[in-house]
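Open the model in your viewer and keep the selection tool at hand. We will go stop by stop.

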Amino acid sequence: MIRFSHVVKEYPRTGLALQDVTFRVNKGEFAFLTGPSGAGKSTILRLVIAEETPTSGEVRVSGSLTTGMPRAQIPRLRRRIGVVFQDFRLLEDRTAEENVAFALEVTGAPRDAIPARVSRLLTQVGLASKGTSYPKELSGGEQQRVAIARALVNDPVLLVADEPTGNLDDRATRGVFQLLRDINAAGTAVVMATHNLELVKRNSYRVIEVNRGQLVFDSAEGTGGAATVTSSTPA
Amino acid sequence: MRLTLREVLLGVRRSPLLSTLSVVTIAFSLFAFGLFGLLALNVDRALRGVEEHVEIVAFLADGTLPESISAAMGDISAFPEVAHVDQVSPEQALARARAELPEFQDVFDASFLPPSIEVRLKEGHRDPATVKDVTQRIQSYPFVDDVRYGEDWVKKLYDIRNIAGAAGLALGLLFAAVAVIIIGTTIRMTVLARAREISIMRLVGATDSFVRRPFLIDGFLKGLVGGLLALLLTWGANAVISQNLIQTTFFDPGTAMLGVIGGSIIGVLGSALSVGRHLRRV
């Protein structure tokens with residue numbers, strides 16, 4: 001599903017963001033991506049969604065090599081990946097329904113099929129009754145659910161979540177996390193970057209930890225040590 | 001297409017002030033260009049009017065046979081550069097002189113004036129080199145005593161036209177460049193105002209062309225409305241000048257339409273450049 005082989009990412013101004021990172025996430029897997037701020041988590045996610053290309057090494061996502069991928073092919077890759085951010089990234093002047101429908105419209109889904117699909121997705125994320133609400137009328141947890149519904153419009157094989165619970169209280173965090181688990185249980189691979197080590201410890205999913213641009217721990221490989229994970233400060 | 005138009009309307013509804021500002025900026029940029037165009041058009045027309053007076057006068061020897069004059073006039077009329085040939089008898093020359101010059105009021109005997117042929121040249125053949133060339137050909141007739149065409153005057157007029165043309169072109173390009181820059185910057189503001197939307201579109205897998213389309217239509221419509229507004233303003237300014245200052249000529253419908261189409265093209269190009277530049281960064 002995701003394969004990083006000796007990936008190096010260097011920015012002209014800030015220098016090395018990733019050094020020789022190699023890991024693999026399989027189909028249907030759930031993996032936490034942890035590490036302190038500035039460790040390289042977001043860079044990894046940006047490489048996965050082809051927002052960046054590696055300075056050296058190879059990134060493969062869903063069988064496609066993103067290095068040197070023609071710009072015209074990137075949308076096709078992104079339609080196979082759902083993306084969720086800490087700040088939700090919803091369009092404030094559109095309702096929950098319209099935000100989800102927008103993602104379907106821009107990918108050229110048949111017009112007649114959109115309302116039913118939007119309704120099904122909002123039901124799936126537990127917001128069937130909030131379709132006509134604008135983002136500012138929704139709580140943080142609800143906004144994140146809308147963002148998740150939007151990420152699922154194209155039945156992605158992979159869901160990438162960058163600190164999806166970072167702006168949420170405990171109750172909303174639990175709800176959103178349960179939703180991600182459900183999505184994973186339905187067969188979608190999930191990679192979730194998080195600072196929330198309580199959440200990581202409470203769940204027995206795979207943990208990939210990065211620090212200063214290096215992969216320091218991977219529970220699937222047993223490299224590094226779990227101590228690295230537990231010693232980090234939760235956000 | 002329906003979705004694209006909806007996005008265009010949403011963009012206008014979401015930021016009406018910015019949309020109005022864009023249209024007004026386009027309109028005023030094109031209005032300034034239109035005023036300059038109007039000035040250039042009228043200066044050119046005035047110079048053309050003066051140029052129409054470029055004339056070659058061939059004075060004929062006394063006793064030249066009318067048949068020879070007719071034959072020569074036939075020959076000269078057939079020159080590709082020549083528009084019109086007239087014969088002027090001494091009597092006609094005197095009548096003209098008496099009408100134009102007060103010192104001829106008391107002169108009644110035309111015999112001291114030579115008969116002549118007046119030659120007018122076609123538009124595009126009134127430059128000093130062509131005038132001189134035609135003059136030399138006319139001079140080759142044995143019964144032509146002298147040929148005059150105001151060499152210095154023709155040269156000066158030609159120089160003025162050249163300078164006016166070059167200055168007009170340079171200033172026109174400058175005005176056009178300023179208009180394009182101002183319009184481009186205004187459209188860039190529209191693109192930046194929708195940067196978040198663009199990043200979300202790209203995130204969910206929209207193609208570049210899909211993202212670009214509403215902006216191109218938006219730019220086209222703003223350019224079109226701005227162009228029409230500029231045309232209206234220019235027309236109004238022309239009417240005011242014509243009524244109060246000097247009689248001026250307005251653009252013909254084709255040129256006016258070209259200006260409006262030009263506004264639309266600038267709108268589309270400005271949008272394409274702004275969105276393209278933005279997309280390369282996200």
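**First stop: a loop in chain A**

Select Glu163(A), found in the loop between strand S7 (158-162) and helix H6 (170-185) of chain A. Helices (H or I, at least four residues) and strands (E, at least two) are DSSP runs, numbered from the N terminus. The model is predicted: local features need pLDDT of at least 70, side-chain atom pairs count only at pLDDT 80 or more, and totals for chains, interfaces and linings use all residues. Residues are numbered from 1 along each chain as its sequence is written, while chains are lettered from A and ligands numbered from 1 in the order in which they are written.

Stay on Glu163(A). Its phi is near 50°, a positive value in a residue other than glycine. Is Glu163(A) buried or exposed? Glu163(A) is buried, with 22 other C-beta atoms within 10 Å. The cut-offs: buried takes 20 or more other C-beta atoms within 10 Å of the residue's own, exposed 12 or fewer, partly exposed anything in between, with C-beta atoms placed from the backbone.

Now select Ser62(A). This residue lies in the loop between strand S4 (56-61) and strand S5 (64-65) of chain A. Phi of Ser62(A) is also positive, near 50°, and the residue is not glycine. With 17 other C-beta atoms within 10 Å, Ser62(A) is partly exposed.

Zoom out to chain A. Its secondary structure comes to eight helices and 10 strands. Of its 235 residues, 44% count as buried. Take the contacts between residues at least 6 apart in sequence: 68% join residues at least 24 apart. A contact needs two C-beta atoms, placed from the backbone, within 7 Å.

Show chain B as well. Here 14 residues of chain A are in contact with 12 residues of chain B. On the side of chain A that touches chain B, the elements giving two or more residues are helix H2 (74-78) and helix H3 (96-106) of chain A. H3(A) gives the largest share, three residues.

**Helix H5 of chain B**

Select residues 128-139 of chain B, helix H5. At 1.5 Å a residue, its 12 residues should span 16 Å, and the end C-alpha atoms are 16 Å apart, which agrees. The expected span is 1.5 Å times one less than the number of residues.

Which residues of H5(B) are buried? Colour Val131(B), Val134(B) and Ile138(B). An α-helix has 3.6 residues a turn, so residues three or four places apart point the same way.

Turn to the face away from the buried side: Ala129(B) and Gln136(B) are exposed there. The buried residues pack against several elements of chain B, among them strand S1 (55-60), helix H3 (66-77) and helix H6 (151-193).

**A helix crossing in chain B**

Select helix H2 (residues 16-51) and helix H8 (residues 208-244) of chain B; their axes come within 7 Å and cross at roughly 45°. The contact includes Ile26(B), Leu30(B) and Gly34(B) of H2(B), and Gly226(B), Ala230(B) and Thr234(B) of H8(B).

End on Arg48(B), in helix H2 of chain B. With 12 C-beta neighbours inside 10 Å, Arg48(B) counts as exposed.

Note on methods. Axes are lines fitted to C-alpha atoms, for helices over the stretch in contact, and angles run from 0 to 180 degrees between N-to-C directions.
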